[in-house]
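Let's walk through this one together, a question at a time. Have the viewer open as you read.

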Amino acid sequence: MVASASKRSKTTSKTAAVTTRKQISPELLSLIATAASAAHTFLLHNEPHLLPSQVLSLKSLISSLPLPPPNTLSVAIPSADWFRFFRMSPDTFSHLLSLISPSLSSSLPSIPPDSALASAVFRLAHAASYKSLARRFNFPSPADACRVFYTVCKAINDKLGNLVDLREDLGRILVGFGWISLPNCCGVLGFGKFDVEGELLGPNGSLLVQALVDSEGRFLDISAGWPCTMKPESILNQSKLFSGVEESRELLNGPFYELSDGNLVPQYVLGDSCFPLLPWLITPYVRHNEEDSFGSAEKEFNAVHSRAMGLVVDAFGRVKARWQLLARRYKEECVDFLPFVIVTGCLLHNFLMKFSEPMPDDSDVECLKEEELLVFEGDVDENGRRVRDMLAEHLILVSLRR
């Protein structure tokens, strides 16, 4: 009898919720959706600074809003296939949908936002053609599927762009590298390679993406769309990261760190040997002659440096493993859009890490290796050399204590 009453109560509650949604005008529903999106955005960027009770309270308020059920797609997806289809759980999908739904509703008024997002994520995950997307997600034509895909990519870039920010949560970044004996390190800088069909960029043409990652493989800075024929130092000099450090002085301007031997090191990032050695960009020791040999401190530094550079390889490997569209050769006629799609994949990578989604298996993904890039042969900055030597002496002392 009690169970029967409980069922009736739940049914009544659900019916009331549906009735409430039907009674609300589309204009008011749009305003509620915008408010929910703003609340989700606030949670996304401020959850670490809130009390657990505040987080739960805000989530409860959001869930009580009379919005359509977030996990119900306009096209049916079996629950068992959800993660395989979209590389994320239904809950994470609904969080993402709540962030970009207002933008999609205004840009694609005739397409349900959930179907638009689902189709774009499905194409990223499986490299699906526009023809198959139109058939699977009930779009009028492949051209409409193409328009939906790039509209969703734009919305993701607009709404998740601040997930890639070196200044955001710098304290956590410093602590992460401190655990691997790299004090005052603010990231690891390297390149990813994305292949392009045709002869536009040569027989083995590709685009290079310069990226800074933290100790957990999150992207902190992305500069995408450089032809593989460009020199790495030229790419660096034209990047937002370089101007933020060298010109505006907004980045890597924090306090020095005192090592155990009393030496002071500035904030810095580690970089491939293809980059110039600078006071804030520390590259490995390089043998210029066969007769050159490294001491124990130089060897220890290079070993730690090499392991750290693997973080960039792993980050790009996971992006390609999760988003198969980026693991394949991109069509030459679409190459202008490729940087935009790459950044979308990297932003979603950070977003899914935030929601603790499982990491993909990247063992079969081909990534750019450091030896594929030529070693920088320009002048060596003496202040950069001193910082590297101080770190090398620090690391050999750490290794001797173990």
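## Questions on the fold

Q: Which residues does Val188 touch, not counting residues up to four places away in sequence?
A: Val188 is found in strand 1, residues 185-195. Its contacts, not counting residues up to four places away in sequence, are Phe177, Ala211, Leu212, Val213, Leu270, Ala308, Met309, Leu311 and Val312.

Q: Is Val188 buried or exposed?
A: This is a predicted model, and the cut-off for a buried residue is under 20% relative accessible area. Val188 has a relative accessible area of 0%, so Val188 is buried.

Q: How far apart in space are Val188 and Tyr268, C-alpha to C-alpha?
A: In sequence, Val188 and Tyr268 are 80 residues apart. In space, their C-alpha atoms are separated by 9.2 Å.

Q: Where is Leu311, and which residues does Leu311 touch beyond four places in sequence?
A: Leu311 has its place in helix 12. Not counting residues up to four places away in sequence, Leu311 touches Phe177, Val188, Val213, Asp214 and Ser215.

Q: What is the distance in space between Leu311 and Gly187, C-alpha to C-alpha?
A: Along the sequence, 124 residues separate Leu311 and Gly187. From C-alpha to C-alpha, the distance in space is 9.5 Å.

Q: Which residue has a side chain joined to that of Gln210 by a polar contact?
A: Gln210 is found in strand 2, residues 206-213. At 0% relative accessibility, Gln210 counts as buried. Beyond four places in sequence, Gln210 touches residues including Leu189, Phe191, Asp221, Ile235 and Phe275. The polar contact between side chains, at 3.3 Å, joins Gln210 to Ser239.

Q: Which residues have the most contacts inside the largest nonpolar core?
A: The largest nonpolar core has 111 residues. The largest share of this core, 10 residues, comes from helix 12, residues 296-322. Those with the most contacts inside the core are Phe219, Trp280 and Trp323.

Q: Which residues is Trp323 in contact with, leaving aside its neighbours within four places in sequence?
A: Trp323 is among the residues with the most contacts inside the largest nonpolar core. Leaving aside neighbours within four places in sequence, its contacts are Phe86, Arg87, Met88, Val121, Leu124, Ala125, Gly345, Leu348, His349 and Leu352.

Q: How many residues of helix 13 are buried?
A: Helix 13 covers residues 338-354 and has 17 residues. From its first C-alpha to its last, helix 13 reaches 25 Å, close to the 24 Å expected at 1.5 Å a residue. The helix is mostly covered, and its buried residues number 15 of 17.

Q: Which residues does Thr344 touch beyond four places in sequence?
A: Thr344 has its place in helix 13. Its relative accessible area is 0%, so Thr344 is buried. Not counting residues up to four places away in sequence, Thr344 touches Leu124, Cys153, Ile156 and Asn157.

Q: Which residue just after helix 13 takes a positive phi?
A: The phi value just after helix 13 is about 55 degrees. The residue that takes it is Ser356.

Q: What phi does Asn138 have, and where is Asn138?
A: Asn138 lies in the loop between helix 7 (130-136) and helix 8 (142-160). With a relative accessible area of 58%, Asn138 is exposed. Although Asn138 is not a glycine, its phi is positive, at about 60 degrees.

Q: Is Arg249 buried or exposed?
A: Arg249 lies in the loop between helix 11 (240-247) and strand 4 (257-258). Arg249 has a positive phi of about 65 degrees although it is not a glycine. The cut-off for an exposed residue is over 50%. At 54% relative accessibility, Arg249 therefore counts as exposed.

Q: What percentage of the protein's residues are buried?
A: The protein has 14 helices and seven strands. Of its 402 residues, the buried ones make up 46%.

Q: What is the mean pLDDT of the protein?
A: Over residues 1-22 the pLDDT is below 50, and over residues 68-72 it stays under 50. In the protein, 77% of residues reach 70 or more, and the mean pLDDT is 84.

Key
Residues are numbered from 1 along each chain as its sequence is written. Side-chain values use heavy atoms; hydrogens and water are left out. A nonpolar core is a set of buried Ala, Val, Leu, Ile, Met, Phe, Trp, Tyr and Cys residues joined through side-chain atoms within 4.5 Å. Buried means under 20% relative accessible area, exposed over 50%, partly exposed in between (1.4 Å probe, protein chains only). Helices (H or I, at least four residues) and strands (E, at least two) are DSSP runs, numbered from the N terminus. Contact means heavy atoms within 4.5 Å. The expected span of a helix is 1.5 Å times one less than its number of residues. A polar contact is a pair of N or O atoms within 3.5 Å; within protein, one must be able to donate a hydrogen and the other to accept it, and residues adjacent in sequence count only if both atoms are side-chain atoms. pLDDT is the predictor's confidence in each residue, from 0 to 100.
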